[in-house]
Amino acid sequence: HFAVQVKAMNLREAGGGYLLEKVDLGLDGHRCIGDGIGPAFEFDVTMSDLNTEISERQLLLARRVVLAFGSGRPHVAVSGDNVVAATSASEAVAESFGFRCRAHLKGAALMLVQEANVREGGKGRREIAVCRVSDVDVSYSSSPSRSHFEFAVASIGIEDLTAARSQGKSLLTSVASGESPQRLVSVKSVWVLPGAPDHPGYDRGWDLDFQSLELFWNDKTVALLMRFYESALSEMGVGAREADGSIAQVGEEQGVDDETVTSQSGEEVQNIGGDLQGGKTKMQVSASIQSLSATLMRDGAAVVRMEMTAASCKYEGAAQGSKTSGKLGNFVVVDLSREEGHFKEKLGLRDTSQSVVTFQSHRYVSGSEGYPGYDSMLVVEMSSTRFVYTRGFMEELRQYISEEPLIGSIMGMTASAVAESAKKAAGHHRRGQGLMKVKCRLVNPLVVLPADEGREEALVADLGEILLENRFEAGSEGRAEHFAVQVKAMNLREAGGGYLLEKVDLGLDGHRCIGDGIGPAFEFDVTMSDLNTEISERQLLLARRVVLAFGSGRPHVAVSGDNVVAATSASEAVAESFGFRCRAHLKGAALMLVQEANVREGGKGRREIAVCRVSDVDVSYSSSPSRSHFEFAVASIGIEDLTAARSQGKSLLTSVASGESPQRLVSVKSVWVLPGAPDHPGYDRGWDLDFQSLELFWNDKTVALLMRFYESALSEMGVGAREADGSIAQVGEEQGVDDETVTSQSGEEVQNIGGDLQGGKTKMQVSASIQSLSATLMRDGAAVVRMEMTAASCKYEGAAQGSKTSGKLGNFVVVDLSREEGHFKEKLGLRDTSQSVVTFQSHRYVSGSEGYPGYDSMLVVEMSSTRFVYTRGFMEELRQYISEEPLIGSIMGMTASAVAESAKKAAGHHRRGQGLMKVKCRLVNPLVVLPADEGREEALVADLGEILLENRFEAGSEGRAEHFAVQVK
């Protein structure tokens, strides 16, 4: 039996204050003599309370002393497959004899003190914070076949002492479990010799158990603690960068560089990994935490609280690989910045009896028994959670993080590390390395979008059950990964109200080639079930208010030189470098507008107004390093009037697709080709827009009802149309975006895009066509007039020297349907329908380019012989219809204003000799018919003959002049 006592130990600075004072240490032990059973050594260590305080000056002194000793690293000697650390010899001696040790520290307290700067005339001291730890226990026992280590702490706390307001206010508090003795932190480690009696199934084991910790992140105090550290460095003229570099300097003095350390560490990891993979060591690590919460505070007031509960994780490693499993009970985010209001909990479980996340991860050793063909597998299941998105809270949280340098720095480094890891993983995957099988199930995540935090109105999106799974297969073209995503029964509804979307299914199936195979790296198909929804004016207003609550966002555009780089350019560039193909299909969609009775006026029930149907929507996109192709198609579009029995089933809009298979009402194609690529079509960017037949029935009563539907949606809660339209601009003003800024930015974009064309960088071609478009104006369900445009087409070609636009219009017909009898029902139309009513060509030239003709543009128009029947009654009826139809009147008024403004600007340019246009116009025998009576065939017919109009520009002694001539034959 032996005893060691140390009384009144002190640690102080030379000629200065104490860092530690009157510390007692006691050791009591015994050892067995002979070959008896049990440990050869056993002893207990006790220590009195440690109470110390340290200033920034003393912290710097301690740091300099440590640096003076140098930066030592444990020596590692590699012999064969064994890693022998510097402590291995003493451990081996301990193992051969065996021993047991227990140590206990009742409590410790460390106070940080800020001393006044004597050089600046300061006096006194300021207490900043105190850290307290209680009941620290450490034990270690060893025998020839096993060893056991245990570490425990009863409590940890940090108190903020900076101001009277926060005196005694905790920065960190802990709550231990109800066990005896109570333990906040418990760490256990065991090592067992393979083949030993009562072997637990693993050779090395760790068990880490944490109870409850609460962190209060007071921005002012954290900033003061950071200044404490910085002050310690600057007290004697040492900068942060210089101080951090001093460790590296000591390493250099000892002849240790990063490359040596990295090489040595790599050998250690390789040999430790060899122990696992070679079957030498089986390891198990488990960790759990009851709860961990962090409250972010500004000026002593709580802003947000984040809490994680019931988290656990277990790792098992063996020769064939490893397995990691775990769960997270809940993760809660609560808004504490507002005393009143709904939706204070921003994130959390819907059913708290579940775990928010459970997971399993497997890692396999290539070539080992049972290797499945991939290196790892991840299985994740996430229970139903609710996320409340409000712009104000997210903006406030973003601002807090941006103003908190330590949190911002941590998040920035984390994001960089994740991005770098993702980049490396993507490279490994392309080469067929590090393949991971994934099974993921998310159960009905709920996204709540409030219109106003002060009220309960909100849109609620239930994202349904989301399943994600992949598999790996070997085929004739090499290995490929197949993946599938299924989303079942998505819903969108108003909080506590009816559904806007119900039971929508979404499926995604795809695959990617692994390695450097030919073909796109990614290829996937997206399918969606029919979308059937109905919306009332109240729900429309709610959706509009939710949109306005989010704000008016605009895509960021960065201009660099002649290039316009959109926010999506990075992802597009990645896609282009690898190539992929995507196809999406929507079978059908229907939107019904419903008018709800006003409860305040005693109304009941609902009234169906109109339904819009779309069928067979197809979208596809393919990309390779040299070209990309986009295509969009719709089979049919229709709007039905449901307002009255008389018009039940009567279409407001119908469509007739072509006879091709598949039938397509609308087809849009876009292609981008790299200059110099094989099979280059002669242009770098191309668009092709093809429309078939659309018939519009403009029923004045139904259109007025639809307009009242919109106005009712605004007035339901006292919002006027003008006020509602202004709210978007108001949001833009709140974000600091004005029309001048947007116009300026748009101007720069157009200028740079134009620079690409004019600089010969991009050749563009756009073509558009429409088979027929007709509109029938109706009054009280009866047709008044029908206007029809047929066989219209247009083509644009842009290059370095300028651009060319050409097109034609097959016919434009106006028919009077207001009278059942009478002559001259067709008021406007071609005399010879085998001709096109109008053909045109327009050229634009770049000043100073090769072949510039001296003017900026040229227009060539030819109009075939048309017949126009003028009757005063029809024209008056048409004028009256338009004047009584506010929407048509508004559209025509805005169009007229825009044309007048353009003409005014063009006239001003012409006076200054800018924007000159050469015109060649030919009108072939337009016919004007002036009936004496629509009920009879008597009329005067004016054949205006062949009309020619042409101009030219000449330079003379008095300057440039324009000459024009008009001939009527």
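This is a predicted model: local features need pLDDT of at least 70, side-chain atom pairs count only at pLDDT 80 or more; totals for chains, interfaces and linings use all residues.
Some conventions. Local features need pLDDT of at least 70 and side-chain atom pairs count only at pLDDT 80 or more, while totals for chains, interfaces and linings use all residues. Residues are numbered from 1 along each chain as its sequence is written, and side-chain values use heavy atoms, with hydrogens and water left out.

A salt bridge here is a side-chain nitrogen of Lys or Arg within 4 Å of a carboxyl oxygen of Asp or Glu. Searching the whole structure gives 37 of them.

Take glutamate 631 and arginine 664, whose side chains meet at 2.4 Å, N to O. This pair links distant parts of the chain, 33 residues apart: glutamate 631 is in strand 32 (residues 627–641), and arginine 664 is in the loop between strand 33 (650–656) and strand 34 (666–673). Helices (H or I, at least four residues) and strands (E, at least two) are DSSP runs, numbered from the N terminus.

Is the pair buried or exposed? Glutamate 631 is buried at 15% relative accessible area; arginine 664, at 24%, is partly exposed. The cut-offs are under 20% for buried, over 50% for exposed, and partly exposed in between, with a 1.4 Å probe and protein chains only.

Next, helix 13 (residues 872–884). Arginine 879 and glutamate 876 are three residues apart there, so about one helical turn separates them. Their closest N and O atoms are 2.6 Å apart in a salt bridge. Arginine 879 is partly exposed at 47%, and glutamate 876 is partly exposed at 39%.
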